[in-house]
Amino acid sequence: MSEDRRSILEMLAQGKINTDEAERLLAALDKSMSAESGAETRTKPKAKYLRVLVEDVKDKHGVPTKVNVRVPMQLLRAGVKLASLIPDQAHAGVNTALHEQGVKIDLSQIKPENLEEIVDTLEDLTVDVDQGSGHGTVRIFAE
Amino acid sequence: MIPLFAVIKFRNRKNDRWRGFRLWIPLFLVWVLLLPVVLLLVPFAVLTLRLAHMKAGRSLAAFWQLLCSLRGMHIEFEVPDHGVFVRVY
């Protein structure tokens, strides 16, 4: 319970305001809170791309090896959707192959209903790996 | 909407100077040329998906979505003397 709501209820309990006034205050509080949360969602635009930037050590000319990949989030959605359509009998084989490669993902857990959740989680992802001077850097983020 | 163009750029460095060329690939022409082949292959694809116990409609829709979402893809590799840049529009 928020501090404002608690103080309104305390004022009601102490008899400082009547039930009608308390109801009006609570309604006004709900309205302002929903407006605030709406403003928050408006200020945070949905990420469109997943970006992977890799920069390795510089050569004798000072030119580093660079990799810059921008993957549309829609492509990830489509990929996860396609993965979720893999028939049950194929899951075991695919899971074993993934485990052998060190990818511990259970494909049977990927379902169309939790697809959005997976991609939304990626939007908050930021990975920065900096190995110090003379070594490479890796940045993964959504934009 | 399916991708309409792709740009592939190659760069090479010789004697400290970068040289390269850029290819604009009109993907919409590729799609037009591939359309009759795709229409011929669709029944076979549906049959194969059915035999594999996969939902044909949903699988084809997901594949279409995959193709459409390629727009905006950007891949760039640059090693000291060479560079490749691919962008899908």
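Okay, let's start with a cysteine. Setting aside neighbours within four places in sequence, Cys68(B) is in contact with Met1(B), Ile2(B) and Pro3(B). Keep in mind that this is a predicted model. Staying with that end of the chain, the C-alpha atoms of Cys68(B) and Leu4(B) are separated by 9.8 Å, and those two residues are 64 apart along the chain.

So, is Cys68(B) buried or exposed? Its relative accessible area is 16%, so Cys68(B) counts as buried, because the cut-off for buried is under 20%.

Cys68(B) sits in helix 2 of chain B, so let's look at that helix. Helix 2 has 13 residues, and from first C-alpha to last it reaches 18 Å, close to the 18 Å you'd expect at 1.5 Å a residue. Its buried residues are Ala56(B), Ser59(B), Ala62(B), Leu67(B) and Cys68(B). What covers them? Part of the answer comes from the other chain: the cover includes helix 3 of chain A, residues 73-84, together with helix 1 of chain B.

Now walk back into the loop between helix 1 and helix 2 of chain B, where you'll find His53(B). His53(B) isn't a glycine, yet it has a positive phi of about 60°. For context, most residues other than glycine have a negative phi. His53(B) is also exposed, with a relative accessible area of 60%.

Next up, the nonpolar surface patch. It comes to about 630 Å², and the residues making it are Val30(B), Leu34(B), Val37(B), Val38(B), Leu41(B), Val42(B), Phe44(B) and Leu60(B). Which element gives the largest share? That's helix 1 of chain B, residues 27-51, with 7 residues. If you're eyeing the numbering, remember that an α-helix has 3.6 residues a turn, so residues three or four places apart point the same way. Take Val38(B) as one example from helix 1: its relative accessible area is 42%, so it's partly exposed.

Let me zoom out to chain B as a whole. There are 2 helices and 4 strands, and from the N terminus on they run β-β-α-α-β-β. The chain has 89 residues, and buried ones make up 24% of them. Looking at contacts with a separation of 6 or more, 49% are between residues 24 or more positions apart.

Definitions and conventions. Residues are numbered from 1 along each chain as its sequence is written. Chains are lettered from A and ligands numbered from 1 in the order in which they are written. This is a predicted model: local features need pLDDT of at least 70, side-chain atom pairs count only at pLDDT 80 or more; totals for chains, interfaces and linings use all residues. Side-chain values use heavy atoms; hydrogens and water are left out. Patches are made of residues with over 30% relative accessible area and no salt bridge: like charges are joined within 9 Å, nonpolar side chains (Val, Leu, Ile, Met, Phe, Trp, Tyr) within 5 Å. Accessible areas come from the Shrake-Rupley method with a 1.4 Å probe; for residues, only the protein chains shown count as cover. A salt bridge is a side-chain nitrogen of Lys or Arg within 4 Å of a carboxyl oxygen of Asp or Glu. Buried means under 20% relative accessible area, exposed over 50%, partly exposed in between (1.4 Å probe, protein chains only). The expected span of a helix is 1.5 Å times one less than its number of residues. Contact means heavy atoms within 4.5 Å.
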